[in-house]
Amino acid sequence: MRFQDTPELAEWRGTVRKFVDDNWRLAGVRDEDEGMEGPRDENRAKKWLDKLGANGWLAPAWPRKYGGADMSVLEQFVLSQELHEAGAPTSRQMLNLVGPTIMLHGTEEQKAEHLPPMLRGEVAWCQGFSEPGSGSDLASLQTRAVRDGDEYVVNGQKIWTSGAHRANWMFVLTRTDPNAPKHRGISYLLLDMKAPGVTVRPLINMANGHVFNEVFFEDVRVPVRNRIGEENRGWYVGTTTLDFERSNIARAITARKNVERLVSYAQARTAAGSAVRQTFRNEIADRAIETSICQLLSFVVISIQAKGGVPNMEASMCKMYGSELSQRIALTKMHLAGMYGQERKASGLQDAHSINAAQEYMQTVPATIAAGTSEIQRNIIATRGLGLPRG
């Protein structure tokens with residue numbers, strides 16, 4: 001593997017950095033204040049995303065006619081890398097999940113209808129996959145879609161639906177043939193969240209945040225033209241979405257920044273006369289090594305994409321390792337903070353170095369559940385990657 005940029009990619013990286021310097025970085029604003037989910041100032045985020053969209057940089061590998069920039073996969077990777085390094089928002093909600101799926105499996109009419117509004121930020125999307133009895137075993141989902149002429153009538157429930165309370169549309173997996181084997185009776189639909197019969201109820205998480213929701217469907221009508229791919233073949237469309245969800249560079253960069261802040265905090269503690277024990281130093285060193293491994297796994301994924309492939313087992317490796325690493329880093333923060341780690345709101349050196357141990361510890365609890373549990377990822381790695389028999 002070549003780790004250095006080619007001359008062309010190095011020039012492109014310089015272009016991106018200048019754009020970020022000119023349009024995002026502001027004096028006195030720390031990257032860590034922004035977070036990987038976007039800045040506190042939503043108006044600033046919108047202006048920034050509008051500028052990215054005007055350049056075609058929200059979906060840079062898409063064709064220009066759909067609002068992209070006709071970039072190579074490697075150019076897109078460099079762009080994503082630099083934006084995450086700067087702590088800048090990189091995409092609108094769910095764009096990187098449903099957008100590439102429609103690009104690969106949608107009709108020309110579906111692409112023209114849905115892709116440009118996504119890039120302009122005119123619509124927000126949510127993901128309707130998990131159900132109360134179908135989380136890890138997603139293919140056992142029971143939300144029904146019954147064909148009625150040119151429409152499907154949808155009944156059922158989804159849960160842990162991130163952003164459903166703000167979404168205009170949902171990409172949803174439904175069962176259209178209850179008699180088929182469970183992986184073969186599923187269809188992938190695009191559902192208008194304002195359609196009659198859709199009810200959204202909030203689920204407040206342990207960190208007192210409202211991200212998740214449960215969504216109920218009662219005789220919701222979805223036009224057949226809103227189906228992506230063939231009827232009863234939606235499982236294979238859905239796995240495309242999951243592969244895009246599980247493969248990205250953001251986890252590795254976020255992990256590295258968190259470890260760098262840990263080091264800064266430990267140094268400040270030592271300078272203030274509170275020496276950090278050797279066991280904690282070793283623990284931080286382990287996290288630093290693991291972040292490098294996380295980055296290498298991301299490089300494996302982008303290498304496959306650059307050759308025209310769609311990572312599957314490799315995406316699962318990347319997702320599983322990155323989500324479990326986020327929990328280990330959060331635990332190391334708790335160890336280092338000691339009793340101060342019990343504070344819901346960081347104070348003192350914790351606050352000065354953005355070590356909000358308690359909050360991050362709670363926020364990383366669902367990391368190994370969302371986007372597919374670690375157990376599911378291990379099954380994928382075992383069966384599809386190592387060729388092991390199913391149990």
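Two residues are in contact here when heavy atoms of theirs lie within 4.5 Å. With that in hand, take the chain as a whole: among its contacts with a separation of 6 or more, 71% are between residues 24 or more positions apart. Keep in mind as you look around that this is a predicted model.

Let's start with the overall picture. The chain has 13 helices and 8 strands. Its radius of gyration is 22 Å, close to the 21 Å that the globule rule gives for 391 residues, so the chain is as compact as a globular protein of that length. Along the principal axes, the C-alpha atoms fill a box of roughly 75 × 45 × 45 Å. As for what is tucked away, 49% of the 391 residues count as buried.

Now to the helices. Two packed helices are described by the angle between their axes and the distance between the axes. Find helix α8 (residues 250-271) and helix α9 (residues 278-306), whose axes come within 8 Å and cross at roughly 160°. Angles over 145 degrees count as roughly antiparallel, and α8 and α9 are therefore roughly antiparallel to each other. The crossing of α8 past α9 is left-handed. On the α8 side, the residues that meet α9 are R251, A252, A255, R256, V259, L262, V263, A266 and T270. Facing them from α9 are R281, I284, R287, A288, T291, C294, Q295 and S298. Sorted by class, this contact has 9 nonpolar, 4 polar and 4 charged residues.

Helix α9 has another partner to look at, helix α4 (residues 73-85). The axes of α4 and α9 come within 9 Å and cross at roughly 150°, and these two helices are therefore roughly antiparallel to each other as well. From α4 come V73, L74, F77 and Q81, while α9 brings F299, I302, Q305 and A306. By class, the α4 contact with α9 has 6 nonpolar, 2 polar and no charged residues.

D219 has a positive phi of about 55° although it is not a glycine, and you'll find D219 in strand β7 (residues 210-223). N232 also has a positive phi without being glycine, with a value near 70°. N232 sits in the loop between β8 (227-228) and α7 (234-246). Buried means under 20% relative accessible area, so N232, at 18% relative accessibility, counts as buried.

Two more residues are worth a stop. V146 is in strand β2 (residues 144-148). At 41% relative accessibility, V146 counts as partly exposed. Leaving aside neighbours within four places in sequence, V146 is in contact with E151, Y152 and V153.

Finally, step back to P132, in the loop between β1 (125-128) and β2. P132 is exposed, with a relative accessible area of 55%. Not counting residues up to four places away in sequence, P132 touches Q157 and I159. K158 is 26 residues from P132 in sequence, and the two are 7.0 Å apart in space, C-alpha to C-alpha.

Conventions
Residues numbered from 1 in each chain as written. Predicted model: local features only at pLDDT ≥ 70, side-chain atom pairs only at ≥ 80, totals over all residues. Heavy atoms only, no water. Axes fitted to C-alpha atoms, helices over the stretch in contact; angles between N-to-C directions. Helix = DSSP H or I, 4+ residues; strand = E, 2+ residues; numbered from the N terminus. Parallel < 35°, antiparallel > 145°, perpendicular 65-115°, else oblique. Left-handed = near helix turned anticlockwise from the far one by under 90°. Nonpolar A, V, L, I, M, F, W, Y, C, P; charged D, E, K, R; others polar. Rg over C-alpha atoms; globule rule 2.2 N^0.38 Å. Buried < 20%, exposed > 50% of the residue type's maximum accessible area, 1.4 Å probe, protein only.
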